[in-house]
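My entries follow in the order I made them.

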Amino acid sequence: MSNTRLSNKFDQGVRDVIAEYLPGLFEVVHGECEDIPRKPDPAGLLRTVRELGSSPKRTVYVGDSPGDVRVSRNAGTFSLGVAWGYHTAERLREAGADEVIEDARDLLRFV
C-alpha cells in the first residue's frame with residue numbers, strides 16, 4: 001500500500017504543508033500546477049499512479065468530495081468515499097462512489 005496526496009491546492013503549498021506537518025508520510029505529493037490540472041481532470045491521479053508503478057485498476061482513490069469521486073471515475077480507479085469529511089455519504093454515492101465508508105477503521109478492508 002502506498003500513501004499519496006493529490007490536492008487542488010497549489011503544488012508548492014501542498015508540498016510545504018506536507019513537509020512541515022506530515023513529513024515522511026506520503027510517497028508522492030502533488031498539487032495543482034502547470035502539469036497537473038485541477039480535479040476532476042484525471043491527469044494528476046494518472047501521473048501519481050504511474051509514479052507508484054501501479055495501474056488504475058489496482059488503485060483505490062480515497063476522497064471526501066464529489067470532485068474526488070469524479071477524478072477517480074475519470075481515471076478508472078476504484079472510488080472510495082469517506083463520509084467524515086466535507087460531504088455526506090449520500091452526496092458521495094450520488095457522485096458515483098464505488099463504496100462509501102463512515103468510519104476510518106473501515107479503510108483497513110482495502111489494504
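I began with R105, which forms a salt bridge with D103, the closest N and O atoms being 2.6 Å apart. For a salt bridge I took a side-chain nitrogen of Lys or Arg within 4 Å of a carboxyl oxygen of Asp or Glu. R105 is exposed at 62% relative accessibility, and D103 is partly exposed at 25%. My terms here are buried for under 20% relative accessible area, exposed for over 50%, and partly exposed in between, with a 1.4 Å probe and protein chains only.

I noted that the model is predicted: local features need pLDDT of at least 70, side-chain atom pairs count only at pLDDT 80 or more, and totals for chains, interfaces and linings use all residues. Residues are numbered from 1 along each chain as its sequence is written, and side-chain values use heavy atoms, with hydrogens and water left out.

How many salt bridges are there by this rule? I counted seven. One of them joins R73 and D98 at 2.7 Å, N to O. R73 lies in helix α3 and D98 in the loop between α4 and β5, so this pair ties together parts 25 residues apart in sequence. Helices (H or I, at least four residues) and strands (E, at least two) are DSSP runs, numbered from the N terminus. R47 also forms a salt bridge, with E51, at 3.0 Å between the closest N and O atoms. These two are four residues apart in helix α2, about one helical turn.

Next I looked at α3, residues 66-75, and found seven of its 10 residues buried. Among them are P66, V69, V71 and A75. The cover over the buried residues of α3 includes α2, β3, β4 and α4. Just after α3, I saw that G76 takes a positive phi of about 80°.

Which residues make up the largest nonpolar core? I listed L6, I36, L45, V49, Y61, V71 and A75. Such a core is a set of buried Ala, Val, Leu, Ile, Met, Phe, Trp, Tyr and Cys residues joined through side-chain atoms within 4.5 Å. Helices α2 and α3 are the elements that give two or more residues to this core. A second, separate core of five residues includes V69, A89, A97 and V100.

Last, I looked at the open sheet, whose three strands have the order β3-β4-β5 with parallel pairing. Strands pair if DSSP finds at least two bridges between them. The edge strands are β3 (60-63) and β5 (99-101). Three bridges join β4 to β5, and L80 stands opposite E99 in β5.

Technical notes:
Contact = heavy atoms within 4.5 Å.
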